[in-house]
Amino acid sequence: MTDKNTERFDSALYALPYGIASLLRALPQSVKNEVQEIRLRANRPLTLTYKLKPAFVNKNSGICYEVNDGVLTVSAADVYDTVKALCNNSIYSHVGEMKQGFITMRDGHRAGVAGNFSGESVYDFTSVNIRIARQIFGAADFLYDKYSSGGILIAGPPASGKTTVLRDFIRQASNGGKRVAVVDTRGEISACHGGTIHNDLGLNTDVLYGIEKSRGIELALRTLCPEIIAFDEIGTLAELESVAQCISGGADVIMTAHIGKVSEIAARPLTRKIISGRYVKKVAVLSLGGEPQIFSRRELEGCLL
């Protein structure tokens, strides 16, 4: 497994105030390669999620795990300026996106935004969380090596690497000769920007970018003749109905879902229905820092009884 895009960290800094961006850009490459998130909170220390733990950034471009006088503090103006830059100086035009909790960035990164969500606008921004999108070739080896046909659910908690595994599975399946359609609602899978797909999703992949999942699945089935339809973060039973359309249309579905541990697959109505409805043949369960597990649908059906 190799990370081919260590420059992704630097590419996520474009919307940050100059002083903060310069400080982060000067971090050691070994640190940049392990950072998952950059968090700006008004009047709080600049924080990184580094090796799954919070770390603070010193003014000398080092990191530490306890607050001291050398730690950089983010101002309310820094937070506002970052949101404004993320919105290309037009916050109003991104209100709909922000009300879903995020702003899509270049290169597949995503910024979560917190603030006042009352009324028709979003304002009084209190924090920004930038999730670093990385493409790791080989991340899906453990899963693709066991794939022949049938749907797959990639499940796990936040920051466990679900999208990274999904992205690499798409690349491997596509280069293996499968026609893959990606319904990329938030642009995190493809890193599509300006009509160019910046992530390597293989030679036989079509991307529907910025479209709602159920509509994207319908269009893919109707117009692209895919053998696999892939998308991130299935979250509603309505989206699951679209998955049923894929199966009846002859396409395998590769999707992700949030769960904390294996037992939650049976406890959550959505993932329970995915198993009981036989939408997938295999479930890959990721964890924070642990080895991934693969279960057949038959193994998990026993948990539903």
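R186 sits over the face of F102, 5.1 Å from the ring centre. R106 does likewise over Y14, at 4.0 Å from the ring centre. A charge counts as over a ring if NZ of Lys or CZ of Arg is within 6 Å of the ring centre and within 35 degrees of the ring normal.

This is a predicted model: local features need pLDDT of at least 70, side-chain atom pairs count only at pLDDT 80 or more, and totals for chains, interfaces and linings use all residues. Residues are numbered from 1 along each chain as its sequence is written, and side-chain values use heavy atoms, leaving out hydrogens and water.

Next, the aromatic pairs. There are 4 of them. Rings of Phe, Tyr and Trp (its six-membered ring) pair if their centres lie within 6.5 Å; planes under 30 degrees apart are stacked, over 60 edge-to-face, the rest tilted. Two of the pairs are tabulated.

| Pair | Centre distance | Plane angle | Class |
|---|---|---|---|
| Y80 and F125 | 6.4 Å | 40° | tilted |
| Y144 and Y147 | 6.3 Å | 25° | stacked |

Y80 lies in helix 4 and F125 in strand 10, so their pair ties together parts 45 residues apart in sequence. Helices (H or I, at least four residues) and strands (E, at least two) are DSSP runs, numbered from the N terminus. F125 is buried, at 10% relative accessible area. Y80 is partly exposed, at 40%. Buried means under 20% relative accessible area, exposed over 50%, partly exposed in between (1.4 Å probe, protein chains only). Y144, Y147 and F169 form one aromatic cluster.
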